[in-house]
Structure formats: C-alpha cells, structure tokens
Amino acid sequence: MGLLSDPNRRQALISLLTRLNAPICVVCYMAGVAWFMGLAFEPFTLRTYMSENAMGSTMVEERFPAGERALATGREFASQKNKVDGMPVDWLVKAMQARGLEVFTQRFTRTLPFPDENNERYMVKGTNVYGILRAPRAPRTEALVLSAPCSPGDNNNQAVGLLLGLAQYFRNQIFWAKDIIFLVNEHDLIGMQAWLEGYHHTNTTGMDWSPLQGRGGSIQAALSLELSSDVITSLDLVLEGLNGQLPNLDLANLFYAFCQKIGVLCTIQGKLPRNDWDSVSGYSHAVQTMMLMVMKQASGRPWGDHGLFLRYHIEAATLKGINSFRQHKTDTTTIGRLLEGMYRKLNNLLERLHQSYFFYLMPSLSHFVSIGYYMPAFGLLAVILLLRALDLWVQLVTPAAPTEDGVVDVEQQSGSGVLSVLTPLVISHLTGTALYMLPIRFQEMAVEHFPVSETEAVVLTAIAVYTAGLALPHNTHRFVSGEATEQGWRVLKLVAVLYLAVLLGCTALINFSLGFILALTLVPVAAFITPHVPKVLSAFVLVVLSPACTLLFSVFFFQELQEMPVSFQDGWLLYLSVISQGILDHFLYGSLVYPLIALMVYPCWLLFWNILFWK
C-alpha cells in the first residue's frame, strides 16, 4: 500500500508499466496460454474424491438380476414403436402400471422458429410418459429421476427396456426415502423441456404443454440413460449442460467409484483414462480430453437430456453406452447393478449436493482442475486489457502539444472525443441488434426472393448482416464530429478495451471455456490495434480473429479432437449447421451464446475495426 500511496513511487510504477507495456503484454499472453496447457499435466491436477459424506462409501450390495428381461422388454418396445411409427404411449402406460407405478402422460406442441433440418422437424407434437414410485417410508418431499429419451429408429430401445426393468426391481425394495420418477420423453430435448417446465410450473420458452397430473417431491438428482446396443464396451459420462453449466463434481465421482467397484469400463469425452501421464502421448491424451470438454462447454448447448435439469439447480448427467472395437464387454445386468448402486447412494442424501465443486475441468475421470487453478490462465489474459487501458489513460491525461499561438484547445478535443465514442458505439450495437433480430424476421422474405430453404435463409441472412456490419460503422464519427482527431481514437479504444475486459470477465465467471476462447482471439486485437499499423495486413488479421472465424476454426478443431477430421467443404456445411443450431438452441432452450455474440461481442469487435480505419 505504501507503494501506491506515495505519489512519487506511484508515478514511477506507472512510468515503468507504460514504458514496458508491450513486452509485459506479450509475456502475459504467452504465460496465460502456457498456464492453461499445463493444466492437463496430471501432477498439477487434483485427484477426484468424494466430498459428500452420505455418498462416501460404495459398500452396498447391488442385486439387480433382470438384464435379459430388460433387453426383452426393450425389443418389445422397439416393435411397438415401429408399429405406431412413434412413441407407443398406450403400451408404455400399461407397462408402467403393470410394474406398480403411478403413471401419467403429458402432451406438448412446439413450433420452431424455422425448420430444424438436422432432425427434420418444424411442427413438433409429442407425449411424455412418466411413472412415479412413491417412497414407502418417507414424507415424499424429495425425488430422483431416471429418464430415457424415445429416439427415432432403433436408437435407445435398450435404455427404455432397462428403465422399465429397474422400475420393476425398485418397486420390490422398501428402503427408498425419495420418490423415484421414471420418465420416457419424446423428441429428446424438446420433450424434456416441456416436462421440466410442467413440473416446475414455469414457461420460459413459449411452449404449449398440458399440466402435469402427478408430481413427486423436489428433484434432487437425475440421470439420463442412452443405450443402443445389447452389449456395450464402455459407459461415457456426459456432463456439459445448458450455457456451460456442470453438475456437482460428486455426481461424477459417484459414477467413477461404482465403475471401479463393479468393473465397468468408463470414459469421459469418449476417451479412456491413462496412467502414463509422464509421457508425451499421455499428456497429449489428457490435453485432448480437457479441450473437448472446453469446446463442448463453450458451445453453450446441452449435450444430453440432463443439460436442461441444471437450470433448475438439479444435479444431472447422461450415461451413454458405447459399443466399439474394445474387447472389454459389459452386459445390461451389470449396467443395471451400477445404476442401482448410484440410486441407493443418492437415496441416502440428506441435502442437495453442494460440498464439492461446480466449476471444474476434467482431463480424465480420475483427475480434475478446480476453478482456483484455471482462473489464473484467464487472469493473465485479462490483465493485458488493463495494462493497455492504463497506457491509453496516461496518453490521454498527458498535456497535449500547444498550437502555433501557444494555446491548447481542450474544449474542442473533449467535445470531439465524446462524439467520436458515442457514434461508433451506437451504430455498432445497432448492427449487433440487427444480427440478432433480422435472421428470424426476414426468413420468409428471403425464401420468396431466393431459391433457398427457411434454414438456409436464416443462416445466410445472419452471414449477410455480419458482413455488412464491417462497412456500416466505418468512420461514421466523421459525419458527426467533422474532422477525426488523434485523441478521438484513443478515447474510443480506451472505452472499447474496458468494455471488452468487463465483458470477458463476466462471461468467464458464467462460462469459463467460452470466456477463455474469446479472450485468446480478442485480447491480441484489443491490445495492438491502432490506426497507424499496416491496413491490409491488420485487416486480414482482424478478420481472422473475429468471432465468426473463431467459430469456423473451432468447428475444424473440434472434429480433429474427436479424431474425425473433415474436408473444407464438409467443414463449411458443418459450420453453417452449427450457426443454425446455435440460433435454435437460443429460441428453444434459452442458450445465451447467440445473443452474447450478436449483441455484445460482435459490436465490441466492430469498435476495434473502426479504430483500425480511423482517419
């Protein structure tokens, strides 16, 4: 404190920071990237452990015996599904009632803002079927959920069969202290969204659904099951939910503990844990696993039905069966025993899961990186913006050079500075508003005048507005303030740099992965862009580091991480699909990535584009 309270020392520190500003920024950027890459090195991570005492021991005896019967039920469900060409509601109701459950149905309808070409749907109508197993020796104030989506074709039939088999087995047990809800939802996430809104008496997405006639207690935890094979080689744990939310780490720890106990091969991001962390291949494997989690979390979309539970503060995850070339095989009975053990442990909870971490990254199922370890990587990038803001502030408060008659026109500089800031700010944000609103509103007009589908019209309109925005804010300040000044672009850059620092900081607190990826590309732009750099080369670099190109590179990078590389043409089509799905996720489920990019990140980037072409 003495260093900052002494005016002479404070001035010396400011002089040092401004004189070495560029080298310090470069060092901070390299250190931030190196810190983040070092997080996957297992000696720098923490080993997973159970924080909740009620789930600390896996010493329960799992006795689920009905794996073959569950598979037979799944085959019967598949035949009924093919017979009615959709959800066999009547058959499911009778099957759940025969197992002693209180059975209810919920109808829902949803008109999408534009057709979802990936799933070939526009007007969605469906029915959810759920049965409630009432707790025999409890006040029935709490509940657990086991769900299995009714997927098209032959997908997930085994999961529904296992769900019904577990319902029959659980019905004969007397130790349940919580209601257990067995849910089969139609149309995957849309059906789950309708059921959750009906269960919690909310309607945040404008969907039409019938009120639920039966209800259990407050939901404490949920698991979604996806099985599409009679025999699987491994179970994959999916954690990423809506807007980058993650369940409490104890839920992942519980899954890993029972997999270790029962002998089930478990993966995360489809990758097995490895013990050779000290080798190059082991470290590369951990980096790929962690980066896959970062990319999925940054997308903001739910990667399973569990992702929508998290917005209601319900800890949830998806268990996805994988049938690959591995020799290790796991039958349905073993998976049923694993689920039985997990639900018996969740049944022991006296309160919601809260003692472990909610913000973490996982390079493997046995190790994790807590928020205290990965936030410094983002902090090193964010401090660059503060250093550049300090340098700009020092330049602005330094007395300007006098004119020929020895008078400094302070009033003219301040007046033009305010107008120079307000005009680009307003126009940039109006462009961002157009990017957010016009693609949906103009789709019918685009379809009438161009030979494109509604989905293509939305995506192409978004790209057109984005591209047109590069010209709209260009030097518009000159039409209002007359001649552009040297002080004007410094004031605008100071505002833009501080704006970006606050924007990235808030984003990283909600969704670290998204904030970090944006910081990697936008911080270099914000730090070194000025009107005095070479225009053509700088404009090219600025476009390459723009939000749209960052998304394009992320699509190819994600495919490489999944070991499924694509050609440029296929990657471009996938890129267009990602844009349309991002817009749909916002309007269907409330994903915040699309409005964040359109209304805030893109206008902020336009400010730096305007600074580059300042005259």
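Buried area is defined here as the accessible area (1.4 Å probe) that two parts lose on being put together, summed over both. The structure is a predicted model, in which local features require pLDDT of at least 70 and side-chain atom pairs count only at pLDDT 80 or more, whereas totals for chains, interfaces and linings use all residues. Residues are numbered from 1 along each chain as its sequence is written, and side-chain values use heavy atoms, with hydrogens and water left out.

The chain contains 21 helices and 12 strands, taken as DSSP runs numbered from the N terminus (helices, H or I, at least four residues; strands, E, at least two). With a radius of gyration of 28 Å, close to the 25 Å given by the globule rule for 615 residues, the chain is therefore as compact as a globular protein of that length. The radius is taken over C-alpha atoms, and the rule is 2.2 Å times the number of residues to the power 0.38. The C-alpha trace spans about 100 × 60 × 50 Å along its principal axes.

Contact (heavy atoms within 4.5 Å) links 31 residues of domain 1 with 30 residues of domain 2. About 2700 Å² is buried between the two domains, 62% of it from carbon and sulfur atoms. Of the area that domain 1 buries against domain 2, Phe114, Asn243 and Met295 supply 26%, more than any other three residues.

Polar contacts are pairs of N or O atoms within 3.5 Å; within protein, one must be able to donate a hydrogen and the other to accept it, and residues adjacent in sequence count only if both atoms are side-chain atoms. Across the interface, 11 residue pairs are in polar contact, both residues being at pLDDT 80 or more. On the side of domain 1 that touches domain 2, two or more residues each come from strand E2 (102-116), helix H7 (188-200) and helix H9 (280-299). Helix H9 provides the largest share, 9 residues.

Salt bridges (a side-chain nitrogen of Lys or Arg within 4 Å of a carboxyl oxygen of Asp or Glu) number 13 in the whole structure, and 2 are found across the interface of domain 1 and domain 2. Lys271 and Glu563 form a salt bridge through their side chains (3.6 Å, N to O). Another joins the side chains of Lys261 and Glu62 (3.0 Å, N to O). Because Lys261 lies in helix H8 (residues 249-262) and Glu62 in the loop between strand E1 (46-47) and helix H4 (67-84), this pair ties together parts that are 199 residues apart in sequence.
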